[in-house]
Amino acid sequence: MEQYDITGMSCAACSSRVEKAVQGVPGVTSCSVNLLMNSMGVEGTASSGDIIRAVEAAGYGASLKGAAQKSGGNSPSWADAEALKDHETPRLKKRLLFSLPILLVLMYFSMGHGMWGWPAPAAFDNPVFLGLFELLLAAAVMIINGKFFTSGFTSLFRGAPNMDTLVVLGSSASFLYSLAELFLMILAQGNGAHDTAMKYGMNLYFESAAMIPTLITIGKMLEAKSKGRTTDALKGLMRLAPKTAVVLKDGVETETAVEEVRAGDVFAVRPGEQIPVDGIILKGTTAVNESALTGESIPVDKAEGDTVSAATMNQHGYIECRATRVGEDTTLAQIIRTVSDAAATKAPLARIADRVSGIFVPTVIGLAVLTLIGWLIAGRPFSFAIARGISVLVISCPCALGLATPVAIMVGSGVGAKTGVLYKTAAALEGAGRTQMLALDKTGTVTEGRPSVTDVVPIGMDKSKLLRLAASLEKNSEHPLAKAVTAAAEGMELSEVDDFEAMPGHGLRARLNGTELLGGSLKYLESRGLADKSVAAQANALAEQGKTPLLFAWDGKLAGLIAVADPIKADSAQAISELRNMGIRTVLLTGDNERTAKAISRQAGVDHVVAGVLPEGKADLIRKLKPLGKVAMVGDGINDAPALTVADNGIAIGAGTDVAIDAADIVVMKSRLTDVTAAIRLSRATIRNIHQNLFWAFFYNAICIPLAMGLYGIEMKPMYGAAAMALSSFFVCMNALRLNLIKPHDPARDRKGKAIPAEALERIVSAEAIHGETAMKKTLMIDGMMCGHCEARVKKGLEAIPGVEFAAADHTAGTAVVTLSAPVSDEVLRAAVEAQDYKVLAVK
């Protein structure tokens, strides 16, 4: 997406006009104009020159965002905080400081003296003198606020009237009508008809002609100030960017601007300093506070070979790093770009306001003319009719419609960024809140993604001795389960073993101090006569929990069991419970065997399970789920890319520094599943806020326009209408700012959405529904599998065979079930498994 700065827009009608003009340029596939940011995002093959010319032809200005800074080295030009600085409020404040004193003087003499008899010099008792004095003061205020008049009349003459057009038509009509009345007053006084002149003097609206632009300026200033606050989160991210770096060249430290750092440069960071760019540690150890990027305040230990990110804080040690990503490529820059791009896109809800905004101003002008004609036909004086028409013009507010969605999207995106949740588009932010089903990858999403020891059951010795014996044996193996056992014994003094031998699919054997030490599966130790029925029962019970039991024997006696598993994350069960309370159904998708998948499902509380499914199969399942309702997919963004892309919303979890995952619509930087619930919760709050803003915008106009027309029997002065218009947009902006008070991780106010019927979902996720009752299946009885790693090897070997759609291996049952899309002989299946060093006992 290419972004542009747009100048000259004042309301939703303007943004609608710009959008329509650019969409007409050949090669433009999509265009989204953001009134809040005065920006435009364009996708397609059209040149920037053609796009800028189209905007200028529509009466507005355009330039490529940050074009002036593009030659400034590595500094991300679009991330310049100056672009978000509030330049509008000071200008409006200056106009107001000049307008307000003049208006107060005008109001004193026109209403205070003229209507209520407040003291004034004798000359002001002359109605003509008073009228001329009011004319001069009103003209001065109108000149000071001349921007409204140039913008309003220019838009009108171009055939694209906007909010400024309504303001200037109301103010100009008041001024011209009063000017005509003043001429008649002068004529009457010249003819000696003093009573008639006094009567004309009561019909002057010079104070309204001045009050309307002044009140609108006040409203615009309040609106600009509140709009500026909606980008506080984005500006806060930009302020995090370090300004300098200490670069090492030939052993000499040189402080340089961060823009001058290049990939490959070596830089030094001392304790208490910010890390200037993304890099990899070459020397030293430290703890880094990454809360600026992830929201996680607990420091992360870093050592040589670990990566570090710009804007994070080095808390303890001195480190030297090699720069890997600089300028616009750093993690911080990517986060800022993501938030900025989301603000430049348009949420589906905004389309409602867009359709109305396109015809709003012409409709209001038509209603004002009809009001004037209608009251004249009804026999009311022209002064009454013109006042009602002017009130209709100045009370109508298209700005509230145009701001209703973008201000909420901007604030919601900023709050998400501060909590480590990045919405790539406004549609993603809106869509997350409409989620009805959440498909979850197992490994790394619901579980930790790395095996660890969960149970140590010693027999005839203490736990520490069992762990030392087991780790002394396992440290010689490269098996993932062996590494888990060795990690559990970290810090213990391990012994060296002799005659080490690994028997694939069975276990390990060695001698420790001349005594035989064995380790492996239940079946292996049973074959050696070292495991009785009670031990087998314990091992099977652990297997039912999704764990892999490893048995160890020393000196011809069973020493105990150690269970290894990929445990669920500490917050997974809480997150699933919160999703259930929101009315969201959950489905666990995994390539693991059914027993392990169901064990994990029970622990986490997931509603439905689909086991033995490939990444492509996950995408197919989500396609089948989508007719039931809105589906989101949570995965790691790599293996799950097809499913993330197919889902209504793809959520990449545990992205860390890789925030540019193409397949995901939402990126969760930390690896906490509760951050996914927070993303949905924040989205729901944002949708509610948009609904409130749109309701206010429509309700305000639906009530106030008939009121200004005089249909309720109330004679509204034009200045009151201007005051109401000035406050309406301010109200919308302030309501959006309430999103800053949202606590995304607090489930206290969760509401249940419309839930998908469990029966319908179960029919789809069942294996028969996914693969069809006529699918060809074969079951292989396999000897030698003892863990998830073994299952993965068998699965990979079988799925490499043409005609095998997918395979599900289960080491606890000693089976592999293959689903075939074409006939495959038993011999081919057998050969594939035995090539992985496992024995096939039978094929059924």
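Modeller: A residue counts as buried under 20% relative accessible area, as exposed over 50%, and as partly exposed in between. The model is a predicted one. With a relative accessibility of 24%, Trp696 therefore falls in the partly exposed class. Its ring partner is Phe731, and the two ring centres are 4.5 Å apart. The C-alpha atom of Ile703 is 77 Å from that of Ser521, which is 182 residues away along the chain.

In total the structure has 14 aromatic pairs. Another of them is formed by Tyr108 and Trp118, with ring centres 5.3 Å apart and planes at 50 degrees, so this pair is tilted too. Tyr108 is in helix H3 (residues 88-116), while Trp118 is in the loop between H3 and helix H4 (127-144). The two are 10 residues apart, and the pair links distant parts of the chain. Tyr108 has a relative accessible area of 29% and is partly exposed; Trp118, at 40%, is partly exposed. Both residues also belong to a cluster linked by ring pairs, together with Phe109, Phe124, Phe129 and Phe133.

Arg95 lies over the face of Phe148, 5.0 Å from the ring centre. In another case, the charged end of Arg388 sits over the ring of Phe384, at 4.6 Å from its centre.

Phe148 leads on to a helix contact, as it is one of the residues of H5 that meet H6. The axes of helix H5 (residues 146-157) and helix H6 (residues 163-190) come within 8 Å and cross at roughly 110 degrees. Angles of 65 to 115 degrees count as roughly perpendicular, and H5 and H6 are therefore roughly perpendicular to each other. On the H5 side the contact includes Phe149 and Phe153, and on the H6 side it includes Val167, Val168 and Leu169. The residues of this contact divide into seven nonpolar, six polar and one charged.

Technical notes. Residues are numbered from 1 along each chain as its sequence is written. This is a predicted model: local features need pLDDT of at least 70, side-chain atom pairs count only at pLDDT 80 or more; totals for chains, interfaces and linings use all residues. Side-chain values use heavy atoms; hydrogens and water are left out. Rings of Phe, Tyr and Trp (its six-membered ring) pair if their centres lie within 6.5 Å; planes under 30 degrees apart count as stacked, over 60 as edge-to-face and the rest as tilted. Helices (H or I, at least four residues) and strands (E, at least two) are DSSP runs, numbered from the N terminus. Buried means under 20% relative accessible area, exposed over 50%, partly exposed in between (1.4 Å probe, protein chains only). A charge sits over a ring if NZ of Lys or CZ of Arg is within 6 Å of the ring centre and within 35 degrees of the ring normal. Axes are lines fitted to C-alpha atoms, for helices over the stretch in contact, and angles run from 0 to 180 degrees between N-to-C directions. Angles under 35 degrees count as roughly parallel, over 145 as roughly antiparallel, 65 to 115 as roughly perpendicular and the rest as oblique. Contact means heavy atoms within 4.5 Å. Ala, Val, Leu, Ile, Met, Phe, Trp, Tyr, Cys and Pro count as nonpolar, Asp, Glu, Lys and Arg as charged, and the others, Gly among them, as polar.
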